[in-house]
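Biologist: I would like to learn how to read this model. Please take me through it, one feature at a time.

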Amino acid sequence: MTRRFYPGIAFFFLSIAFLACSEHKRPDETHFTKADSLTDTYLDLKDAMLETWNSMINDDNQKLKAMHNLLHELTVSNPSKKEELQAFQERLDQLAHSRYTQKTMENAHVIEEYDFASNSLVTELIALAESQPQFSYNTTLQKLVESIRTAEQRVENYRAEYDEIASNYNEFIEKNQRMLREMDIDTPAKKPLFQTVAEE
């Protein structure tokens, strides 16, 4: 007796076998995808935080450079005030060395002292520059003063932007501590925020 071949039945059993294999592999694939996604998110947050921090520090460096150039212009036009302006230069040099880092900003006093020293120096230098008889027509002095003043106004915006990203980073670390440990990533410390430090 000739056996009949039923393509539909063969397809049915092949489909069952394929689904069984797929079900067997799915948990590993899902775990890998989850871990990969967490790693990408973690690295993206770190990169975004570092990029924002560097932008903020670079902007502050430009402000310090403008203050240095302003002092140079004032020294050239006021040789009789050389000693007074040298005292300003020493304060400016000290300011650059005393600036906070991502680690030292845990201490509220570090930020407070830097801000006080920076604000005082900016206010005094701008007042001194604007009091010069040549200020009304010296475009170099005017541009330097404007550069310093606008940079000072940008500080809070940079800090708010950094805080937002650092806050997302901290929240991510808190929610995924166990998974990060399973991925052999040492649980990173949370980052201090400017807002939190300011409230202490």
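Modeller: Start with one side chain. Trp 53 is in contact with Tyr 100, Thr 101, Gln 102, Met 105, Tyr 162 and Phe 194, leaving aside neighbours within four places in sequence. Contact means heavy atoms within 4.5 Å.

Biologist: What should I know about the source and the numbering?

Modeller: This is a predicted model: local features need pLDDT of at least 70, side-chain atom pairs count only at pLDDT 80 or more, and totals for chains, interfaces and linings use all residues. Residues are numbered from 1 along each chain as its sequence is written, and side-chain values use heavy atoms, with hydrogens and water left out.

Biologist: How do I read pLDDT here?

Modeller: pLDDT is the predictor's confidence in each residue, from 0 to 100. The chain averages 84, and 81% of the residues score at least 70. Over residues 8–31 pLDDT stays under 50. For that stretch the model has two contacts beyond four places in sequence.

Biologist: Which residues touch the most other members of the largest nonpolar core?

Modeller: First, the term. A nonpolar core is a set of buried Ala, Val, Leu, Ile, Met, Phe, Trp, Tyr and Cys residues joined through side-chain atoms within 4.5 Å. Buried means under 20% relative accessible area (1.4 Å probe, protein chains only), exposed over 50%, partly exposed in between. Here the largest core has 45 residues, and Trp 53, Met 67, Leu 70, Tyr 100 and Phe 194 touch the most other members. H1, H2, helix H3 (108–130), H4 and helix H5 (177–182) each give two or more residues to this core. The largest share, 14 residues, comes from H1.

Biologist: How are the helices assigned?

Modeller: Helices are DSSP runs (H or I, at least four residues), numbered from the N terminus.

Biologist: Why does the length of H4 agree with its number of residues?

Modeller: The expected span is 1.5 Å times one less than the number of residues. H4 has 37 residues (139–175), so it should span 54 Å, and its end C-alpha atoms are 54 Å apart. H4 also bends by about 30 degrees at Arg 154. The bend is the angle between axes fitted to the seven residues ending there and the seven starting there.

Biologist: Is Gln 134 buried or exposed?

Modeller: Gln 134 is buried, because its relative accessible area is 12%. This residue lies in the loop between H3 and H4. Beyond four places in sequence, Gln 134 contacts Ser 77, Asn 78 and Leu 141.
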